[in-house]
Every structure is written in C-alpha cells, then in structure tokens.
Amino acid sequence: MPEYLDEVLRQCADDDEGALADYIPELAAVDPDRLAVALCMPDGQLYGAGDVDALFTIQSISKPFVYALALMRHGLDGMERFVGVEPSGDPFNEISLEASGRPRNPMVNIGAITTHALAGEEGAAKEDLFEEIRRGLGRFAGRELAVDERVFESERATAHRNLALAHLVRSYDVFSADPRDVVWGYTRQCAVQVDVRDLAVMAMTLASGGTNPLTGDQVVPRWVARQVLSVMSTCGMYDVAGDWMTDVGMPAKSGVGGGIMAALPGFVGAATLSPRLDRTGTSVRGVRIFEKLSREMGMHMM
Ligand code: DON
C-alpha cells in the first residue's frame, strides 16, 4: 500500500495547474508544492505518502463536523428548520438563501456560518462556543487540534463577505447571536490545523457511523453520521458535486487550505493535500489523486 500511494503521488506531482487561495492573504504564503495522501481503514490502520506531517488549515472541511455538533444539539427536524439540505448549485461564498431566509445547506459559507452559531448553547460566549467546537473536532481526529493564528488573523481582517452573509441571515432571525461574534468563531473554526492523517481519521469516524477508529470513542450517534455523509454527497463539493460524485463516487468535502476529505461508509476514510486550487476552490491535484484511487482501488460507491 505505501508503495502504491507513493506511485500515485509521483504520477500527479508534475501537475502545477491551479492557484493558491489569495482572498485569504496568509493562504497565498503556503508552499504550493506540498503534496500528501492518507488512508484510514475501519480498524484504524493508517497509510500515507508524501508530506503527511505538513499542517494546513482545515477551512471548509470543518463544516460537516460542526454540522454534526449542531445536529446533536437540535436533532434532525430541529436543524432542518434552520438550515436546508438541498444542493445550491452555487459557488461556496454565494448568497444561497431560500425566500424564508433559511440557508440552502450547511456546506456553503452562509449555511456553515449559521451552523456554527447553532452548534452551541443559546447565549454562549463566542470563546466558549469555539472551544466546544475545537474539542469536538479533536474528538473526530483523536487528538487535540490547534489554531493557526496567522491564518485566522489574516482571514478575520478580510472577512467582509462572510460578515455580510452572517448579517443577512441574522436579519431573518435564523440565529440570535451577534453576526460579528459568529464570524469570529467560524473563521477560527476554519483556521484549525490538521494534517492528512487527521482528516483520514475524521473521515473514517463518519464512515464508521460516528465511532473514532483510533480511540474507540463514539463521537456522534449513527443517525448523525448518516445525515452528515448524506449532505456531503450532495453539497460537499458545491457546484461540482455532480462531477465529483460521478467521477470519484464518495461523499466528500474540500477546503481552500488545499485539503480534500472523502469517506466511503464501512470501508475507508481518505484525505489529500495540495494547495493549488481550481476556480471552484477545489485542490487540482487532490481531485486527480482521488480519481485515481477511485478507479484503481475501487473506491467509487458503485
Ligand atoms: O469562509 C471561507 O471562505 C473560508 N474560511 C473557507 C472556504 C472554503 O474552504 C471553501 N471550500 N473549498
């Protein structure tokens, strides 16, 4: 397996298409050539190749896990009152709102910002809510996760669009917190640092029905894992979700830090890192690696 993964990376290494995310200034400063892949099996066995120790910010890959925490608090029907489950067909930072003011799904920014606000106790201080989320993400990964303060500060200082989205949802009373506090916490959530092994374990935790394969910790119940993976299937890759599902065939989530995470229920959790992105904010070489894994290792759901 390790030799095979090395070979997969070797075959994709020369592709230098795409560009670093520069709307978050600090993300334009990362090494664009970093390349890594990791797989986590149902028994917790990990395989990796490339820059497996490289830390990067989780960005939007945090969204399914914070959705899981919000589902725990509000239940399936409760959560659906606030955030929908339909694909928006729009880019991740669009104003994807229904006429009622309900965000279309928890994977686009507007829905993820709302989900962040709903993940904690009503009236909780922004610091306490963030700590609860950071600890929750750590339980999925099986270790404590830290924040990249430089990326956080860089995005916080330029978060005009997310602030606008948060104020818009707040105007419909979908959540009650101060939109500035919610964007502070959501931005910190996106700046949590992971490596590809962490993401593979987090994916396998979802793929195991909520139980972390390393720690044995039942992080969330099966119904939550099921809901999260279902929404990842239809909304996790935004406006390329259909292409991804037909080509690769696994519930997945991308992030502008260059990560992609995918989970095949009962079989594998997988993750890649390569920071150059296409126009939809998806890692170019990450998609290539997943296409190969899907074809060559039968990781497509069919
Ligand atoms: O809110 C943002 O724009 C970023 N913190 C996260 C966006 C992201 O990762 C989109 N996914 N590919």
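This is a predicted model: local features need pLDDT of at least 70, side-chain atom pairs count only at pLDDT 80 or more; totals for chains, interfaces and linings use all residues.
**Figure 1. Contact between domain 1 and domain 2.** Contacts join 40 residues of domain 1 to 35 residues of domain 2. On the side of domain 1 that touches domain 2, at least two residues each come from β4 (193-194), α8 (196-207), α9 (222-235), β5 (252-254) and β6 (259-264). Helix α9 gives the largest share of this side, eight residues. Sorted by class, the side of domain 1 that touches domain 2 holds 21 nonpolar, 14 polar and five charged residues.

**Figure 2. The shell around the ligand.** Around the ligand are Gln59, Ser60, Phe92, Asn93, Asn109, Glu155, Asn162, Cys190, Ser254, Gly255, Val256 and Gly281. By class, the shell has three nonpolar residues, eight polar residues and one charged residue. The ligand lies between domain 1 (2-59 + 193-296) and domain 2 (60-190), because both give residues to this shell.

**Figure 3. Packing of helix α5 against helix α7.** Helix α5 (residues 149-156) packs on helix α7 (residues 179-190) at an angle of about 140°, and their axes are 9 Å apart. The two helices are therefore oblique to each other. Their crossing is right-handed. Helix α5 makes the contact through Phe152, Glu155 and Arg156, and α7 through Trp184, Thr187, Arg188 and Cys190. The classes in this contact are three nonpolar, one polar and three charged. Glu155 and Cys190, both part of this contact, are also among the residues that surround the ligand.

**Figure 4. Packing of helix α2 against helix α3.** Helix α2 (residues 63-82) and helix α3 (residues 109-118) have axes 8 Å apart and pack at an angle of about 80°. This makes α2 roughly perpendicular to α3. From α2, the residues that meet α3 are Lys63, Val66, Tyr67, Ala70, Arg73, His74 and Phe82. From α3, the partners are Ala112, Thr114, Thr115, His116 and Leu118. Six nonpolar, four polar and two charged residues form the contact of α2 with α3. Asn109, a residue of the shell around the ligand, falls within the range of α3 (residues 109-118).

**Figure 5. Packing of helix α2 against helix α4.** The axis of α2 comes within 10 Å of that of helix α4 (residues 126-141), and the two cross at roughly 110°. Helices α2 and α4 are therefore roughly perpendicular to each other. Phe65, Val66 and Leu69 of α2 meet Ile133, Gly136, Leu137 and Phe140 of α4. By class, the contact of α2 with α4 consists of six nonpolar residues and one polar residue, with no charged ones. Val66 of α2 takes part in this contact and also meets α3.

Technical notes:
Residues are numbered from 1 along each chain as its sequence is written. A residue is near a molecule or strand if its C-beta atom, placed from the backbone, lies within 6 Å of it. Ala, Val, Leu, Ile, Met, Phe, Trp, Tyr, Cys and Pro count as nonpolar, Asp, Glu, Lys and Arg as charged, and the others, Gly among them, as polar. Domain bounds come from an automatic or database domain assignment. Two residues are in contact if their C-beta atoms, placed from the backbone, lie within 7 Å. Helices (H or I, at least four residues) and strands (E, at least two) are DSSP runs, numbered from the N terminus. Axes are lines fitted to C-alpha atoms, for helices over the stretch in contact, and angles run from 0 to 180 degrees between N-to-C directions. Angles under 35 degrees count as roughly parallel, over 145 as roughly antiparallel, 65 to 115 as roughly perpendicular and the rest as oblique. A crossing is left-handed if the near helix is turned anticlockwise from the far one by less than a right angle, and right-handed if clockwise.
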